[in-house]
Amino acid sequence: MKLPRRPLHLRALGPLPPGLLEWLAAELAARLPVHPRLAPPWPLHDAWRDERRGQYRSNQIVDALCEDADGGAVQLAVTAVDLCAPGRRFVFGEATLGGCCALVSLARLLPADDPAAAGEPARGRLLKESLHELGHVFALTHCTDACVMRASRHDAEIDLKPAAFCAACAAGLRTSGPPRRT
């Protein structure tokens with residue numbers, strides 16, 4: 001059964017390597033029922049920064065994305081800055097479960113010795129984390145199977161999981177309703 005494609009607004013949050021979002025848009029369109037388009041980039045706001053930790057608060061950024069959400073479109077922002085969340089030292093990303101917005105950071109997905117690199121395995125990690133966070137937007141929770149929805153605490157765990165949904169999660173994509181503003 002062919003799933004209806006939802007609009008996906010893909011935006012840079014601060015500077016990103018050239019061509020990265022265009023590549024990601026094509027990969028997401030091939031794997032999810034979305035029709036991606038590049039949205040205007042956003043600057044990073046000082047209000048989102050946790051000065052003590054030197055990181056940006058993912059929950060505040062996702063809240064801002066939700067406030068900007070329009071209609072039934074899903075939003076995915078990609079940033080190069082390091083993210084944190086309450087009770088967590090860092091996060092690869094964050095999303096509204098069954099909502100409309102997701103955020104992914106490249107900061108811990110890129111090789112530490114060459115943070116400007118956007119080749120493999122960094123692109124594979126970005127794709128997997130984007131699929132994972134968008135899976136949450138489509139109301140999927142963490143999975144214990146060999147699945148992109150498996151939780152990851154380290155980049156090595158991201159490398160081990162596939163860039164695909166298991167059968168149960170793929171079925172969940174087919175039954176999830178339209179995104180809602182949360």
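Predicted model: local features only at pLDDT ≥ 70, side-chain atom pairs only at ≥ 80, totals over all residues.
**Helix packing**

Helix α1 (residues 20-31) packs against helix α3 (residues 122-137) at an angle of about 55°, and their axes are 10 Å apart. The two helices are therefore oblique to each other. The crossing of α1 past α3 is right-handed. On the α1 side, the contact is made by Leu20, Trp23, Leu24, Glu27, Leu28 and Arg31. On the α3 side, Arg123, Leu126, Leu127, Ser130, Leu131 and Leu134 take part. Sorted by class, this contact has eight nonpolar, one polar and three charged residues.

**Salt bridges**

The model has seven salt bridges.

| Pair | N to O distance |
|---|---|
| Asp68 and Arg11 | 3.4 Å |
| Glu27 and Arg31 | 2.4 Å |
| Arg108 and Asp82 | 2.8 Å |

Asp68 counts as partly exposed because its relative accessibility is 38%, whereas Arg11, at 5%, counts as buried.

Glu27 and Arg31 both belong to helix α1 and are four residues apart, about one turn of the helix. Glu27 has a relative accessible area of 22% and is partly exposed. Arg31 is also partly exposed, at 34% relative accessibility.

The side chains of Arg108 and Asp82 meet in a salt bridge. Arg108 sits in the loop between β9 (101-105) and α3, and Asp82 in the loop between β5 (74-79) and β6 (83-85), so the pair ties together parts 26 residues apart in sequence. Arg108 is partly exposed, with a relative accessible area of 29%.

Finally, Arg125, Asp155 and Asp159 are joined in a network of salt bridges.

Conventions
Residues numbered from 1 in each chain as written. Heavy atoms only, no water. Axes fitted to C-alpha atoms, helices over the stretch in contact; angles between N-to-C directions. Parallel < 35°, antiparallel > 145°, perpendicular 65-115°, else oblique. Left-handed = near helix turned anticlockwise from the far one by under 90°. Contact = heavy atoms within 4.5 Å. Nonpolar A, V, L, I, M, F, W, Y, C, P; charged D, E, K, R; others polar. Salt bridge = Lys/Arg side-chain N within 4 Å of Asp/Glu carboxyl O. Buried < 20%, exposed > 50% of the residue type's maximum accessible area, 1.4 Å probe, protein only.
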